[in-house]
Amino acid sequence: MILNYIWIAFILVGFVVALVQLAQGNLAIFAQVLTGIFDTAKTGFDISLGLVGVMSLWLGIMKIGEQAGVIGLFARGMAPFFKRLFPEIPPGHPAGGSIVMNFSANMLGLDNAATPLGLKAMRELQELNPQKDTASNAMVMFLVLNTAGITLIPTSVIAIRQSIAIEQGLVGFNGADIFLPTLIGTFISFAAGLVAVAAYQRINLLQWPLLALFGGFAAMMGGLYAWLHQYPPAVMSQYISVLGSAIVLSVIVLFVAAGAAKRINVYEAFVDGAKEGFGVAVQIIPYLIAILVAISVFRTTGCMDYLVGAIANGVAALGLDTDFVPALPVGLMKTLSGSGARGLMVDVLKTYGVDSFQGKLASIIQGSTETTFYVLAVYFGSVNIRKTRYALTCGLIADAVGVVGAILVGYAFYK
């Protein structure tokens, strides 16, 4: 229901702002809005069709892992953690393994792998859902933790920064210097999302499996940073790339080898799973187009610019430092559109410099926040969930805390 209100608000507020701009002499505003609507509708369709190949691949691999028992093994390994956060999921259910795989892909910044794994998890959670049009507690928890998911290695952000640094003539630039701040920022966002959903679902987070997981992750963050930080930028980027690729390939090989060891027909299992990819990709088209069109109207009419300007004026009125404001649109846009936020980040990097405070902060925000509206539309749309309950509220709480946390971390590291 809340998506309905937000969708209406984006359209109507954008139209009113467009009327104001028309009255001020901007005769091209309606044409710009219509162009944006048509372009984003096509983009939504292209994105959905673009998912067919990767969806078929990963659903096929997951089917092998499921029949080989590897998914169930993952689920049992995480059972002490998941049974606290997902009490609706029976022990050993394939949904638990799919959730683990999705979180792992998100941690490595592997969006192409994370999305089909997440959609697979949502379909398995829907099998357990007694009300097929309403999000279950497990679905809400998974969705929010996915949108606020921890990104261990912001691969694309590092690559973009390194590329722009070369354009700007920076010698010996370390594109991965935002690694640790981004990791801390995304952990803040994840913790905020978890606390928000736990409050709604009345889950006690002060339990040893949860505390052990958080403690273990903190130790892993420190160890990974200590290992990578000793290398020069080029070597660090290479190791990061090798690490991500090796883990993904190892998962595929593990599933195939396990299937061969169990003497299942691995090829037929893959084909059976891959057949589901096309249907899932096509099913999300209307949901994705709907949210992208509303976002386009809100953005094209300048509503985002007005919002950022109001925040800047408020911060200045309080006598606070406003150096973070140029990077703020990245965080606001990231909630709505990943590609839009990426474009804004590139604009900040080119305007202020890739090694500037604003450039570093924009990179941290881009790497530590998620596209909540996109994920909500795609994941719930894939299983025809219409009543999302408090999923969007908790997702936006995680986003807001994540952006504020990223700003504070940026100031702590670079000011």
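A crossing of two helices is called right-handed if the near helix is turned clockwise from the far one by less than a right angle. With that convention in place, I turn to the structure before us, which is a predicted model.

I begin with helix α17, residues 357-368, and helix α19, residues 391-414. The crossing of this pair, α17 and α19, is right-handed. Their axes lie 9 Å apart, and the packing angle is about 140°. Angles over 145 degrees count as roughly antiparallel, and α17 and α19 are therefore classed as oblique to each other. On the α17 side, the residues in contact are Phe 357, Lys 360, Leu 361, Ile 364, Ile 365 and Ser 368. They meet Ala 406, Ile 407, Gly 410, Tyr 411 and Tyr 414 of α19. Sorted by class, this contact comprises 8 nonpolar, 2 polar and 1 charged residues.

Helix α19 also packs against α9, at an angle of about 150° and with the axes 8 Å apart. The two helices, α9 and α19, are therefore roughly antiparallel. Here too the crossing is right-handed. From α9, the contact draws on Leu 180, Pro 181, Ile 184, Ile 188, Ser 189, Ala 192, Gly 193, Ala 196, Val 197 and Tyr 200. From α19, the contributors are Thr 393, Cys 394, Ile 397, Ala 398, Val 401, Gly 402, Gly 405, Val 409, Phe 413 and Tyr 414. The composition of the α9 and α19 contact is 15 nonpolar and 5 polar residues, with no charged residues.

The crossing of α7 past α9 is right-handed. In α7, Asn 137, Val 140, Met 141, Val 144 and Leu 145 make the contact. Their partners in α9 are Phe 190, Gly 193, Leu 194, Val 197, Ala 198 and Gln 201. By class there are 8 nonpolar and 3 polar residues, and no charged ones.

How many cavities of 30 Å³ or more does the structure hold? There is 1. The largest cavity contains about 30 Å³ of space. Its lining is formed by Glu 88, Leu 125, Leu 128, Asn 129, Ser 136 and Ala 138. Of these lining residues, 3 are nonpolar, 2 polar and 1 charged.

Key:
Residues numbered from 1 in each chain as written. Predicted model: local features only at pLDDT ≥ 70, side-chain atom pairs only at ≥ 80, totals over all residues. Heavy atoms only, no water. 1 Å grid on protein atoms, 1.4 Å probe; cavity = no way out; pocket = protein on both sides within 12 Å on 5 of 7 lines; lining within 4 Å. Points joined across faces, edges and corners; volume = space filled by probe spheres on them. Nonpolar A, V, L, I, M, F, W, Y, C, P; charged D, E, K, R; others polar. Helix = DSSP H or I, 4+ residues; strand = E, 2+ residues; numbered from the N terminus. Contact = heavy atoms within 4.5 Å. Axes fitted to C-alpha atoms, helices over the stretch in contact; angles between N-to-C directions. Parallel < 35°, antiparallel > 145°, perpendicular 65-115°, else oblique.
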